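User: I would like a close look at one part of this model, the protein surface that faces the RNA. Please take it step by step.

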Amino acid sequence: MILRTEIADILRDPEIGAEITVMGWVRAFRSNRFIALNDGSGAQNFQVVVPDKYQEDPALEPVFRKIGFHACIKATGKLVESQGAGQTVELQADTIEILGENKLDVYPLQPKKQTMEFLRENAHFRMRTATFSSVFRIRHAVAYAIHKYYNDRGFYYMHSPIITGSDAEGAGEMFRVTTLDVNNPPRTPDGAVNWKEDFFGKSTNLTVSGQLQGEIAALAIGKVYTFGPTFRAENSNTSRHLAEFWMIEPEVAFFDIENNMNLAEDFVKFLINHVLDNYPDDLQLLDQRIKDEEKSLPQDKRRPMGLIEMLRFVVENDFARVSYTEAVNILRSSNHFKKGKFEFEPVWGSDLQAEHERFLVEKEFKRPVIVRNYPKSIKAFYMRENEPGTDGAPELTVAAMDVLFPYIGEVIGGSQREERHERLVARIHEMGIPEEELWWYLQLRQFGGAPHAGFGLGFERMVQFITGMGNIRDVIPFPRTPKNAEF
RNA sequence: GCCUCAAUAGCUCAGCUGGUUAGAGCGGCGGACUGUUAAUCCGUAGGUCCAAGGUUCAAGUCCUUGUUGAGGCGCCA
């Protein structure tokens, strides 16, 4: 059995004079004497002092030569107070053992700043860097906090299917799932691919959302949430989109749009607080990373607040809440618009452009913003129709809501669902969706339906916001994007 | 999908209006160094200039197409 002490435990409660064994990867080896060791248990490195005998004794010299960047070592010795300035304690090693040699002449990474693009191409090694170990520790923390939040409030974790037979979810292009031979699929007499011969006896896809199935559960056990992978075959080339991402979708019976907004705000703040309270070292490191990176930028291109300062600001202040109609009025009466600074004119009936959302969040309210009650014409079929004239809107609206964040834009999209059977049927027909695809969804409204609401939170976008990473591909271990499925 | 930009050593980049043998820093390798914090100092090796065509006496440099990457937009979470 392997016995070792984790670095985080040593640093949390150092027992001077104790005999300990540590194992980890060398982050730096300086002066042929000082190893900065990290075992992943925390953001801070631990200094191991290599005794002189490893250089002087010919029997030990081969070990000495293998101590290098990202080599894996085991060190045993006595924990002492450090004489150097950078750390309070260190290991005065007695024996050093190489667990995994690193062939530095061909190893791609270097102990220096490297570009995110390069590290992405080396995703099998990038987690060994300070930045990525912090990012992925925080990713874990957010995932844990999601389950804790809902469990503590009586929600049930619901597993929605990853393979779906419904293509009426309406959230985007889908990836097909098939076992048919793509070069020679079975055909019907008229020449079309015969999906009846496919594995499931019908055409199937990877899910784009667990919402519809979430509604089934909410209308039986009340408060549920899903948290799983989601797939969109959109050719989206941005720093905020992935083809495979994780989504959290709470769905709650006896909830209206107001309940929904309150839940969304409280939930998101809980996640941020959890990380602030439990991962200060990782946040500190990421905060510093951004400050260093921004040193070369002009003042007006830098973030107005540091990362930690911004996270605190978000949890300590109420989110701004406006109706879509108000939002359009605000945009149209802004000096920004009057001076012609918007590329797209804000008009009632068109979706808000990214520049409009940024204006509301960064200039007008300077905090997260929840926009509600969007035009019916631009939103999904399942959203509940509002009474005519709600918020003074010129046309019909639906009880939809988007939560907009600085830097990353839309982090949550949700709605109160249309629970009135006849309206839902009418809407489905209006949008040309085949009714038989949604037979079960419609039956929920005929047999003991209830008012209910829910939303989807983009997990990676949340992690992106909390870590301050500029590209969503750097907060998921193995990003799936157009033209890229390496690792 | 659209627009813009980029691709030169392991990495980050320089390489002028086309002109001899392709440049630096970092990293690697070899050496020095008894308290370093991106350690420092000396030495050294390292190149299919993304690919395929084309223009030209001559292409890393110009043109075309493709591939990949980045930023922005759209789609959304």
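User: Which element gives the largest share of the surface near RNA strand B?

Analyst: In this predicted model, the largest share of the surface near RNA strand B comes from β15, which gives four residues. Around RNA strand B there are 50 residues, and those that come nearest are Asn32, Gln110, Arg120, His241 and Arg461. Of the atoms of RNA strand B that come within 4 Å of the protein, 51% belong to sugar and phosphate. By residue class, the surface near RNA strand B divides into 22 polar, 16 charged and 12 nonpolar residues.

Some contacts to the phosphates can be given individually: a side-chain N or O atom of Gln353 is 2.6 Å from a phosphate oxygen of RNA strand B, the corresponding distance for Arg30 is 2.7 Å, and for Arg65 it is 3.2 Å. The elements that give two or more residues to this surface are β1, α4 (116–121), β11, α12 (354–365), β15 (409–416) and β16 (452–458).

Two of these strands can be followed into their sheets. Strand β1 (residues 19–30) runs antiparallel to strand β4 (residues 72–81), joined to it by seven bridges, with Lys78 in β4 as the bridge partner of Glu19; both strands belong to a closed barrel of five strands with mixed pairing, in the order β1-β2-β3-β5-β4. Strand β11 (residues 244–253) pairs with β10 in the antiparallel sense over nine bridges, and Met247 in β11 stands opposite Gly228. Strand β10 (residues 223–231) is itself largely enclosed by the rest of the structure, because eight of its nine residues are buried.

Notes
Residues are numbered from 1 along each chain as its sequence is written. Chains are lettered from A and ligands numbered from 1 in the order in which they are written. This is a predicted model: local features need pLDDT of at least 70, side-chain atom pairs count only at pLDDT 80 or more; totals for chains, interfaces and linings use all residues. Side-chain values use heavy atoms; hydrogens and water are left out. Buried means under 20% relative accessible area, exposed over 50%, partly exposed in between (1.4 Å probe, protein chains only). Two strands pair if DSSP finds at least two bridges between them. A residue is near a molecule or strand if one of its heavy atoms lies within 4 Å of it. A polar contact is a pair of N or O atoms within 3.5 Å; within protein, one must be able to donate a hydrogen and the other to accept it, and residues adjacent in sequence count only if both atoms are side-chain atoms. Ala, Val, Leu, Ile, Met, Phe, Trp, Tyr, Cys and Pro count as nonpolar, Asp, Glu, Lys and Arg as charged, and the others, Gly among them, as polar.
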